[in-house]
Amino acid sequence: MELIISLLIAGFFGTGVYCLFQRSFIKLIAGLILIGQGANLLVFSVGGLMSLKPAFVGKEAPPMVADPLPQALVLTAIVISFGLIIFTISLLLKAQRELKSDDLNQLNTTDTL
Amino acid sequence: MFFALTFSILASAFLLVPLIKKFSGARVLVSLPAGLAFFAFLFMGWPSLRSGEVITHTLEWFPSMGINLDFQLTGMGFVLGLLVMGIGALIMSYASGYMKGDAKETRLYLLLYSFMVAMVGLAVSNNLLLFFIFWELTSIISYLLVGFKHEYETSRKNALQALLITGGGGIAMLIGLVMLSHVGGAWTFTELTANAHLITESALYPYILTLVLLGAFTKSAQFPFHFWLPNAMGAPTPVSAYLHSATMVKAGIFLMFVMTPILGGTELWKTTLITTGSITLLVGGWFGLTQKDLKAILAGTTISVLGLITFLIGIGSDKAILAAILVMVAHALYKASLFMMVGAVDLATGTRNINELRGLKKWMPLTATAALLAGLSKMGLPPFYGFIAKEYLYKAAIPLPMEWIQAVLVLGNAIILALAIKVSIIPFFAKDKEKQESASDNPLHKNELDWTMSVSPFVLAILGVLFGAFPNLITPMVHTAVHSITPEANLYAVKLWSGVNWPLILSIFTVGLGLALFFSSRWLEKKETPKSWGVVIYERLLEAVLCLFKKTTRVVQSGYLQNYLAVILIATVALVAWKSIPTMGLWVSYESNLTLTPIIIITAVIMLISAFWICITKSKLNSIIALGVIGAGVALLFAYYSAPDLAITQLLVESLIVVMFAWVIKDIKPHNLSTPLLLNSWYLIISASFSLLIFTLVMKSKLVNLAPAISQKMVEMSYPEGFGSNVVNVTLVDFRALDTWGEATVISIAAIGVWILGKNLISKKS
Amino acid sequence: MTLISSSTRVIAPLLILLSLVILYRGHNLPGGGFIGGLTAAAAMMLITLNGVPSKFEKHWNNLSLVLIGSGLVTLFCSFLPSLMTGAAFMEAMWLPTVYLPILGKVKLGTPLIFDIGIYLAVIGFSIKCANVFHANSSSETDH
């Protein structure tokens, strides 16, 4: 696998997880986004990277184009993580309004609400 | 046809009952579906049963496993079905008076009807699993009914107790039934009966028997599980009358009847049932003697009679089975009647305390008559059906080699007699000698209540006389029931008077002992009922289990995201490293066939710096900008590596996220949420090692070609068959449209989630 | 009238038009339901940010749910031909190619309907979120 891509993926996962460890809700969302990017890149690149040969075909299939399958998967993944992140943001909004806090450590007793 | 008709008439109640609120004058009509179903069941079922024709119906369910919805009308099921629907109709009519004006009355009717459907299903199912499903349904509905007054904590507690005990027994029974079908090689009762010798000779037989009987004993309140039944009396009286005396507790009895030809006849069966039945008879009677509450006394005698029936099934002779069915029918008639009477008295006077109720016949003449008739049947005096049942009970017991049994039976019957006097005679006919200020002198609603409340017990009590005087009215049905349990049985005639014989002498003796017990029973009553040890064990056990889970939850669910994350990540890193490092080694070799352009390298470096910047920065704006940079960078990578669609989507999504994120967090006041340095470095170590693990794994994975054949096929088929040049899009909307469909659903659900969260906020503001 | 609000009047309709073009051409060139939907969502976001014209304000909130619902229904409708003709579920069905002025060669089929469903659902989702966030942030600033 490509060194530079691997570094990127590992970097995204590492920083994403580190953000999840923080107490701030905003950092949590940032962490989710980072991990999402890392995962998308991972799926995208395991299919084999190919520069500047997008998968557009005519009547006859060209011999070498980029693998369309991981691309389709990642496209779906991007939109789903979009939905997930927006939902998390609205959770943040709710927590902010109800508890006046974005401290995750204060969100551990939902039952007492 | 037969089953479909019966069930659909019963089901029509679910349409009818909700209308009650609109036509409150005709509320007694709630009993109509039950009554109609009763007559349909009787007039369609009886001719074919009599002629020996078997009504069956099978719906396929899991044909590959031999499990089907098999319905069959047997003699025993017929009797049970008639009891359920006949008494059910009377109970419904009674309930329409009893529940008048209660806000939850519709709920009660619907639950009672659901129960009726389940119970009739139980009576006519011929498949072990179908039987189990109906069995559990009755437990669940009983739970809802016992907990009907759910505002009260005791009510909820008792409902849970009844559910846990009968449900626990049900689970044991399920295991037993599965083993039974495994050994017997079939799921239907009829086939299992044919293979009975396989089962009784099998090594698993004792286990099967124990498990199945656990189910029956818990349901029918046999010792030592009897304690739930008195506690279940907190339910509204129609429920006590219907479920906890006439029908549901008979489900366990029914199971034992049905199992007689399959599991019965062995020494183990006989000993277990006879012993348990006798103990239950005495324990229930003793409980009844110590009580002052009318309902509790009746609960005690119900337990006694259930023990009696279990005992008779245990004997298993022709006479005993006949006697068992007679006792069951007689008990259902008089006990339901007595319960309804108690409910009426309770409503009229506001008390159920036996010592406060005297001379009620003046105010409630109809109820008093019904109570008297039912009580005499319960005492086992001629010419009531209870007398016949008791005579045949003694007839069945006399040939037994064990003398102590007869003593136990006489004692048990004497207790039942004493309690019958106490419940049905004293409150109505005794004079208030002490002239104390008791509840019966309270002039507050002293007269008869709604007519429906006295008619139903009256009808049942009259039936007890009618069947006693003319037993041949129902003897044919009783005989088919006996026949369905023991096909080779001699069918003894059922007569009211069979001359002076040993059973009659025992009966006279019983009456004498009963009267003696009655006169001494005042001293047996306890002020406070101590908890029976069954309840104590149950409560301790429940407490221990709850405590265990509370402790476990407290340890496992700390509520801190950091803890969960740390556990998950450490476990992941440790497990993957432990498995993969020895086989793959740590060294990462690097080979590339990709030309790296400076643009890509610069982009990657900028993205990595941004990622680290997000970790460090305290400013929320900086985080958002950095996230935007990363999103754009990823889009650039997509674009460079031949994925224009991805690049465009990524850019659009990224910009939308940034806008919405900024929208929300612009209001958030920054907090100083710093983590202690030591803890933070610990998190840093975990994150770094996780990152390292990912890096190693990604480097080690040599271009996993996801599925070359599929990808190749997609590229080839895209234009000729998908009519599109953009393979990615053709994949999304055609080849893999199912995924995309699911994804659109996910987005919609997320939208609903956002909507609901936001809606709450908006409405709270205004 | 600020710069943003005046430019929105020009940009938003253009973006929506553009999104339709992207949706249509997606089968052969970069584009499709997602990208088109997100482009239109950007337009909607602009409109929301800028303040919905008072004429539409009442319907604006319902619009998103209608769009999501109709999107899901459209998705399902695209499967109906395959269900009715007895082909495998979700199998694509096509009409014969026709030639139209301006558009040129046009090939209509169920995948296009499917893409339209995605397009609608994505727009609906974005409007819903934009509404919620906007309503909350503006109510906060009012206080």
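User: What percentage of the 143 residues of chain C count as buried?
Analyst: This is a predicted model, in which local features need pLDDT of at least 70 and side-chain atom pairs count only at pLDDT 80 or more, while totals for chains, interfaces and linings use all residues. Residues are numbered from 1 along each chain as its sequence is written, with chains lettered from A and ligands numbered from 1 in the order in which they are written. A residue is buried if 20 or more other C-beta atoms, placed from the backbone, lie within 10 Å of its own, exposed if 12 or fewer do, and partly exposed in between. For chain C, the buried share of the 143 residues is 39%.

User: In what order do the elements of chain C run from the N terminus on?
Analyst: Helices (H or I, at least four residues) and strands (E, at least two) are DSSP runs numbered from the N terminus. Chain C has 5 helices and 2 strands. Their order is α-α-α-α-β-β-α.

User: What share of the contacts in chain C with a separation of 6 or more comes from residues 24 or more positions apart?
Analyst: Two residues are in contact if their C-beta atoms, placed from the backbone, lie within 7 Å. Among the contacts of chain C with a separation of 6 or more, the share from residues 24 or more positions apart is 65%.

User: Which helix gives the most to the side of chain A that touches chain B?
Analyst: The contact involves 79 residues of chain A and 86 residues of chain B. On the chain A side, the elements giving two or more residues are helix 1 (3-21), helix 2 (25-46) and helix 3 (68-99). With 25 residues, the main contributor is helix 3 of chain A.

User: How many residues on the side of chain A that touches chain B are charged?
Analyst: Ala, Val, Leu, Ile, Met, Phe, Trp, Tyr, Cys and Pro count as nonpolar, Asp, Glu, Lys and Arg as charged, and the others, Gly among them, as polar. The contact takes 79 residues from chain A. Of these, 51 are nonpolar and 19 polar, and the number charged is 9.

User: Which helix gives the largest share of the side of chain C that touches chain A?
Analyst: Here 5 residues of chain C are in contact with 6 residues of chain A. Of the chain C residues, 4 come from one element, helix 5 (residues 110-142) of chain C.

User: Which residue of strand 2 of chain B is the bridge partner of B:Glu60?
Analyst: Two strands pair if DSSP finds at least two bridges between them. Strand 1 (residues 56-62) and strand 2 (residues 67-72) of chain B run antiparallel and are joined by 6 bridges. Within strand 2 of chain B, the bridge partner of B:Glu60 is B:Asn68.

User: Is B:Asn231 buried or exposed?
Analyst: B:Asn231 belongs to helix 10 (residues 228-231) of chain B. Not counting residues up to four places away in sequence, it touches B:Asn158 and B:Gln161. Because it has 20 C-beta neighbours inside 10 Å, B:Asn231 counts as buried.

User: Over which residues of chain B does pLDDT stay under 50?
Analyst: The predictor's confidence in each residue, from 0 to 100, is its pLDDT. Chain B has a mean of 85, and 93% of its residues reach 70 or more. Where pLDDT is low, the predicted coordinates should not be read in detail. In chain B, pLDDT stays under 50 over residues 435-440.
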